[in-house]
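Colleague: I have a new model open and would like to learn how to read it feature by feature. Could you walk me through it?

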Amino acid sequence: MWQAEWRSSDHGRITREFFADVRSRLKLESIKISHHTSQILTGHGNINSMLHRFKLSETDLCHCGQPDTVEHIIYHCKEEKVERAKMIEEIEKQGVRWPCTLSTLSQRTTFEHLSRIARGKRS
Ligand SMILES: [Zn+2]
């Protein structure tokens, strides 16, 4: 029942890309989900593409001038270059090629970097 709701929720789309299903999410429960990280994971919060849709922001662009989306922050934004490079290094140590999927990024070893990218972006 709960799992069915999880699957059908439109708001959960990005979250689902991170955590393929509830079961894999539960395996990760020792990870601390910070305020900033949860914004990234849910696609909600201070992300201009979302705020703009609800008329809470005048722009849907990032500070860097590109459309501000979760994917932009994680994969493309030049403002996150330094932290992203550390994350890529960590991922490649595990034999995974960049760009990897969002669900790979939700692993414990890369989550710390992901949190810092979220924090860097929004603080
Ligand atoms: Zn940007």
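Modeller: Happy to, and let's begin with a backbone detail: just after α7, G95 takes a positive phi of about 80 degrees. Helices here are DSSP runs of H or I with at least four residues, and strands are E runs of at least two, numbered from the N terminus. This is a predicted model, so local features need pLDDT of at least 70 and side-chain atom pairs count only at pLDDT 80 or more, while totals for chains, interfaces and linings use all residues. Residues are numbered from 1 along each chain as its sequence is written.

Colleague: Which residue other than glycine has a positive phi?

Modeller: K55 does, with phi near 55 degrees. K55 belongs to the loop between α5 and α6. K55 counts as exposed because it has 7 other C-beta atoms within 10 Å. For that label, a residue is buried if 20 or more other C-beta atoms lie within 10 Å of its own, exposed if 12 or fewer, and partly exposed in between, with C-beta atoms placed from the backbone.

Colleague: Where does E58 lie, and is E58 buried or exposed?

Modeller: E58 sits in the loop between α5 (48–53) and α6 (70–76). E58 is exposed, because 9 C-beta neighbours are found inside 10 Å. Its C-alpha atom is 8.5 Å from that of N48, ten residues apart along the chain.

Colleague: Which residues does a cis peptide bond join?

Modeller: W98 and P99, with omega about 0 degrees. P99 is in the loop between α7 (81–93) and α8 (102–105).

Colleague: Now the overall fold. How many helices and strands are there in the protein chain?

Modeller: Nine helices and zero strands. Buried residues are 21% of the 123 residues in the protein chain. For contacts, we ask that the C-beta atoms of two residues, placed from the backbone, lie within 7 Å. Of the contacts with a separation of 6 or more, 47% are between residues 24 or more positions apart.

Colleague: How do I read a helix such as α7?

Modeller: An α-helix has 3.6 residues a turn, so residues three or four places apart point the same way. In α7, the buried residues are R84, M87 and I91. Seen down the axis of α7, these buried residues fall within an arc of 60 degrees, so they line one face of the helix. That arc is taken over the directions from the helix axis to the C-beta atoms. The face turned away from the buried side of α7 carries exposed V82, A85, E89, E92 and K93.

Colleague: What should the 13 residues of α7 span?

Modeller: At 1.5 Å a residue they should span 18 Å, and the end C-alpha atoms are 18 Å apart, which agrees. The expected span is 1.5 Å times one less than the number of residues.

Colleague: And how do I read a core?

Modeller: In soluble globular proteins, nonpolar side chains tend to be buried together. A nonpolar core is a set of buried Ala, Val, Leu, Ile, Met, Phe, Trp, Tyr and Cys residues joined through C-beta atoms within 7 Å. The largest one here has 14 residues, and I40, V70, I73, M87, L114, I117 and A118 have the most contacts inside it. At least two residues of this core come from each of α4 (35–42), α6, α7, α8 and α9 (108–122). With three residues, α9 gives the most to this core.

Colleague: Which residues is M87 in contact with, leaving aside its neighbours within four places in sequence?

Modeller: T110, H113, L114 and I117.
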